[in-house]
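Trainee: I am new to this structure and would like a close look at a single part of it.

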Amino acid sequence: MKLFMLKLMASTVLVFTVLSGTVLADEDAASRSRGYKADKLEACVEPTEFMRRNHMELILHQRNLTVHEGIRIKDDSLANCVDCHASRDAQGKAIAVNEEGQFCERCHEQAAVHLDCFQCHATIPDSDIPNDSNWH
Amino acid sequence: MKKIHFLEWGLNSPRYWGILAVLAAIAGIGGLSALYMEHNGHWVTGMSNQVVWGMPHIFAIFLIVAASGALNVASIASVFGKTPYKPLARLSAVFAVTLLIGGLLVLVLDLGRPDRLIVAMTTYNFKSIFAWNILLYTGFMVIVIVYLFTMMERKAQQYNKAAGTFAFIWRLTLTTGTGSIFGFIVARQAFDAAIMAPMFVIMSFSFGLACFLLLLMYVYRADGRELGDSVVLRLKNLLGVFVASVFYFTLAYHLTNLYATENHSLERFILLDGGVYTNIFWIGQIFLGTLVPLGILYHPSLGKMRNWIAISCGLVVLGAFSQLYVIIIGGQAFPMQMFPGKTIIESGFYDGVNGMAASYAPTLAETLLGIGGVSVAVLMALVVIRMLPILPISLADKDVDPHAS
Amino acid sequence: MADKNNLLANKARRSFLGKAAAAASLTVAPGVVLQSIAAVKSGTEGVSDNTRWGMLIDTSKCADGCDACVTACASENGLPVHERPKSDPVWIRKVKLKDNLTDSVTTLPMMCQHCEKPPCADVCPTGASFRRADGIVMVDRHICIGCRYCMMACPYKARSFIHEEIVLKPTHTPRGKGCVESCNFCVHRLDSGNETTACQEACQKEGHNAIIFGDLKDSSSEVSQALRNLPSREIRADLQLNTGVRYKDI
């Protein structure tokens, strides 16, 4: 029952966000239209408002679940964030999400948050990483 | 005994600042070396997946062990009530803290991810000796500073003995803990010995006192204060006893190893055919670091001359580095015995093919990092004695020796 | 705020319920056990100690000169091709032994032995080295500070420190400078339901079948059966670490 209520709440929030999103969409879409996979989608893995404020806790939570308990909820995985949020250049080549001005960097630059995640984690979608390459 | 008066170190300013500048430059070079190592990654050092701890660890462990040893003089004064040592107690406590800071700095700057220091301070695995050591080290600093306060503040003096006793127990625990970092490593023959912990305690007595004596003789000479024989000879005799004790523990360590058949090849390696490790053991640790200083310290005439005493202190320090090199690097270079009764004839990961030892050649960067740590320790000590009344105005015989008139 | 807490709590509950269900079902009905293990193995529920991953290596089948397992591991996990052999990471290596009495020669792969009582985890100051409930010993590289004490403590020399920056890495094995790492039984595969490791697969492909991998607690698994039927031993059995990797014919 509780779970149902939660889902209901979540979907209500989602609907509202999507609704309000469409109002602002024009301007937003223009500024984001750089070939993100996320461009074609309406929402993030959780409501956008929630993500904007709480994405860090979501990922850090997911990180411990994955590493220590082997739980891999695909939606919340860092790999998945990168998959949706990496943009592409004119040739269709993926641009690293943590490069200057790119999705995971643009707010962090402003907030003066320094992430070390991408020293280790791949910065472009899995499909763009040459398979079986000479890793280095 | 007369009342002791303390006064800030009175070296004239240009000389004082000159010395600080030199020490700061050395420390700075150490810092830059660390930056260089972190920026490029540890491949620019001599350390590898075969020899994982190198020069920085030798320096760090030397400084940490010496730190707890440097506190001895203070402990002897307040715990064991030996008044002749009382005037030296403040300097002893100050040097103990600064040596520890120098050592920890080197240890931290060598980490793969020094940026995660906060993780090391907040996330503990209490099964790990290393985690306990982090607590022991930070605790040591706090306790010794409190102890120093009880020496310097009249109102706190009543707690002096309690603080001193607590600090003494803490420092014994600390060195036991440092020794146990090695003693609990069952994987490697050279470390897997219960004698490691007490051996480190006695090593700390010797290394710490040698450093303390050097510093004491230097700062007194530099600003022209009197330092009488009664203090110096007392300390050098103590040093002789400590050096001999370390020698005894070294003998015991090797003899017990020789007693157990499975350790014969290790003993062969250290004592006979380990190349650089054998040389460092016999020449550095035993001859220059033990026999020569013992000879000087107990020599009827040389043993009374300041310069010779200083030389023997220096040799004890040299012997200390040799000993740590043989224990830490030699212990890793000696191949792990994974397959008794078999010889490894090929390996994709240097498993001691045909019994061959792993190689380690320290690079300049990691050595400079270590020297930087020593420099930080001395620099901080000099700053503190300049700013606070740590040094007795005079340590002349007539002022300290209860038996002289 | 409440929204966030609910959401995170809900996610936690999902995983907790998974575990509780697994524990409860053990006593309730065998059918449910199967179901929850299936869930565990597909990576949506937490791992549990109903499983212990392990390996048997039949050295009599391990071919001299073959390093298929080593190259497969390197390409699966993005380990570099050797440019600086002393500091490059190695998760699995081939070792060739000669018996001092009989001169007989054996070759075998060495890797993390996934001890039940791992010395690396005991010494790790931050708890980054740990043993997962299903027996996999690994490093949480989010809290590893790079002190290398685990490498000092490992009796098998199974661990590598990352000595330089890594530019290109596979999505499923993030890796980076300054941390220690080692074989993790291809945990990303196991969590997504693929119950083979890269080395085992490669060995099989070569036709040697020297590596048998599976769940030691499942008595019907191939590895359990093989361990029952063949004599095998642990390396450095004297340390009583109860390793998850066993060897036959050494």
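Trainee: Which side chains of chain B and chain C meet in a salt bridge at 2.6 Å, N to O?

Mentor: This is a predicted model, in which local features need pLDDT of at least 70 and side-chain atom pairs count only at pLDDT 80 or more, while totals for chains, interfaces and linings use all residues. Residues are numbered from 1 along each chain as its sequence is written, chains are lettered from A and ligands numbered from 1 in the order in which they are written, and side-chain values use heavy atoms, with hydrogens and water left out.

The salt bridge is between Asp351(B) and Arg93(C), at 2.6 Å from N to O. The term stands for a side-chain nitrogen of Lys or Arg within 4 Å of a carboxyl oxygen of Asp or Glu. Between chain B and chain C the count is five salt bridges.

As for the interface as a whole, 54 residues of chain B are in contact (heavy atoms within 4.5 Å) with 55 residues of chain C. The two chains bury about 4,800 Å² between them, 57% of it on carbon and sulfur atoms; this is accessible area (1.4 Å probe) lost on being put together, summed over both. On the side of chain B, Asn49(B), Lys342(B) and Phe349(B) lose the most area to chain C, together 14% of what that side buries.

Strands also pair here, which takes at least two DSSP bridges between them. E2(B) and E2(C), residues 92-99 of chain C, run antiparallel and are joined by five bridges; strands are DSSP runs (E, at least two residues), numbered from the N terminus. Within this pairing, Glu346(B) has Lys96(C) as its bridge partner.

Notes: Helix = DSSP H or I, 4+ residues; strand = E, 2+ residues; numbered from the N terminus.
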